[in-house]
Amino acid sequence: MSYIFTSESVSNGHPDKVADAISDSVATYLIDQNINNRAAVETLVTTNMVTLAGEYKSDKFDKNVIDQIVRDVVKRIGYEQDGFHWRDLKIYNELHGQSSDIALGTDDFGAGDQGLMFGYATRETSNYMPLAISLSHKILREVTSKLPYGPDAKAQVSVEYSEVGKPLRVTKVVCSAQHGEDQDIEVVRSNIVAVISSSLSAWVDDNTEYLINPTGNFVIGGPDGDAGVTGRKIIVDTYGGYCPHGGGAFSGKDCTKVDRSGAYMARYLAKNLVHFKGFDNCTVQLSYAIGVKEPTSIYVYADGKVWEHLVSEIRETVDLTPKGIIDRFDLFGLDLTKTTNYGHFGKPDMPWERLDLYKS
């Protein structure tokens, strides 16, 4: 019996992604490729206002520089509208120095916090990502790059699977895109459907249903229409709900925070196990305790069963300490802003996407 699974994505102008982009940009500045620096930056955006909170350990802190970073990010995204304009923003910078208690655990590269992370990989697509989240990302890239609408947009794709888990077709697509007040909604809808149907031509058919801007007008968008906060799009950032999520967000954090680095390693392990071991899909869980270097547990579930011998193999061959993960992927050399939009996984230029676990 077939079933349907749905995933969503959001554009770089979605309020939560505006917050993520600011957090990642400020964190990248504070870290400055220095392995001894730390950052945990949270951002709130709403009508013509940005508030920063969190902590850092860095000699790069300069409120004027950070203020300009915030404005540059908002300008680059494209917000020059009443209610959220890069030039008119009120910026409240409440960042403070890192807690000495947290530093006790992270100065020597113990885990930056307790937590659990999941990685996932599947043969549904060439980059080992689930199909529905991949198509959702693809739709928004196409719509926002090809159509002259506002930066704020969302997409949702429903995929029908056969009883053995093989994707068959796209049954339904939901897409909402911000547009100008003088643009006819029916023209907007027609243009979006044309882009989507062309982008997903291999998966849509005459029975695919399109729900485009279902409420009608979408003129007031971005942080003026809905507040945004760092870390509220964790399912968009990962696998679209195809596997569990440990709950930890990524953006704004240096990579001693295992919410981020541990999730990157879990994806690396899952993808390599699918590729080299012949699995159809694989889920890897890692867990950590604050200040402790080695993971507190490892779990491998692939093709319907738990693989304990692979857990032993991973422990023996892969350095899973935060420092080991950082070194393997050169995470302090990473421009965090390259990960912010359209998911942290499946991008070929990210180091955790390499297929080299079993190469000599």
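Q: Which residue comes just after α9, and what phi does that residue take?
A: First, how the elements are named. Helices (H or I, at least four residues) and strands (E, at least two) are DSSP runs, numbered from the N terminus. Just after α9 sits D330, with a positive phi of about 50°. Another helix, α7, is followed by G278, where phi is positive as well, near 80°.

Q: What should I know about the model before reading on?
A: This is a predicted model: local features need pLDDT of at least 70, side-chain atom pairs count only at pLDDT 80 or more, and totals for chains, interfaces and linings use all residues. Residues are numbered from 1 along each chain as its sequence is written, and side-chain values use heavy atoms, with hydrogens and water left out.

Q: Which residues of helix α9 are buried?
A: Start with the cut-offs. Buried means under 20% relative accessible area, exposed means over 50%, and partly exposed lies in between (1.4 Å probe, protein chains only). Helix α9 spans residues 322–329, and its buried residues are P322, G324, I325, I326 and F329.

Q: What covers the buried residues of α9?
A: Cover is read through contacts, meaning heavy atoms within 4.5 Å. Here the cover includes α7 and β12 (281–288).

Q: How many of the residues of helix α7 are buried?
A: In α7 (residues 258–277), 17 of the 20 residues are buried, so this helix is largely enclosed by the rest of the structure.

Q: Which residues have the most contacts inside the largest nonpolar core?
A: A nonpolar core is a set of buried Ala, Val, Leu, Ile, Met, Phe, Trp, Tyr and Cys residues joined through side-chain atoms within 4.5 Å. The largest one here has 101 residues, and I22 and I192 have the most contacts inside it. Helix α7 gives the most to this core, with 10 residues. Now look at I192. Beyond its neighbours within four places in sequence, I192 contacts V143, L147, Y149, C175, A177, I212 and N213.

Q: Is M117 buried or exposed?
A: M117 has 2% relative accessibility, so this residue counts as buried. It lies in strand β7 (residues 115–122). Leaving out residues up to four places away in sequence, M117 touches V258, D259, G262, A263, V284, Q285, L286 and Y288. G247 is 130 residues away along the chain, yet the C-alpha atoms of M117 and G247 are separated by 7.9 Å.

Q: How many salt bridges are there?
A: The general idea first. Side chains of opposite charge can pair when their charged atoms come close. The rule used: a side-chain nitrogen of Lys or Arg within 4 Å of a carboxyl oxygen of Asp or Glu. By this rule the count is 19.

Q: What separates D20 and K17 in helix α1?
A: An α-helix has 3.6 residues a turn, so residues three or four places apart point the same way. D20 and K17 are 3 residues apart in α1 (residues 15–31), which means about one helical turn. Their side chains meet in a salt bridge, at 2.9 Å from N to O. D20 is buried, at 0% relative accessibility. K17 is buried, also at 0%.

Q: Where do K172 and E209 lie?
A: These two form a salt bridge, with the closest N and O atoms 3.5 Å apart. K172 lies in strand β9 (residues 167–177) and E209 in strand β10 (residues 209–212), so the pair ties together parts that are 37 residues apart in sequence. K172 is partly exposed at 31% relative accessibility, and E209 is partly exposed at 37%. Elsewhere, salt bridges that share partners join D16, R232 and K233 into one network.

Q: Which residues make the nonpolar surface patch of about 240 Å²?
A: Patches are made of residues with over 30% relative accessible area and no salt bridge; like charges are joined within 9 Å, nonpolar side chains (Val, Leu, Ile, Met, Phe, Trp, Tyr) within 5 Å. Areas come from the Shrake-Rupley method with a 1.4 Å probe, and for residues only the protein chains shown count as cover. This patch is made by Y299, Y301 and V306. Y299 lies in strand β13 (residues 297–302) and is partly exposed, at 32% relative accessibility.

Q: How many helices and strands are in the protein?
A: There are 9 helices and 14 strands. The radius of gyration is taken over C-alpha atoms, and the globule rule is 2.2 Å times the number of residues to the power 0.38. The protein has a radius of gyration of 21 Å, close to the 21 Å the rule gives for 360 residues, so it is as compact as a globular protein of that length. Of the 360 residues, 55% count as buried.
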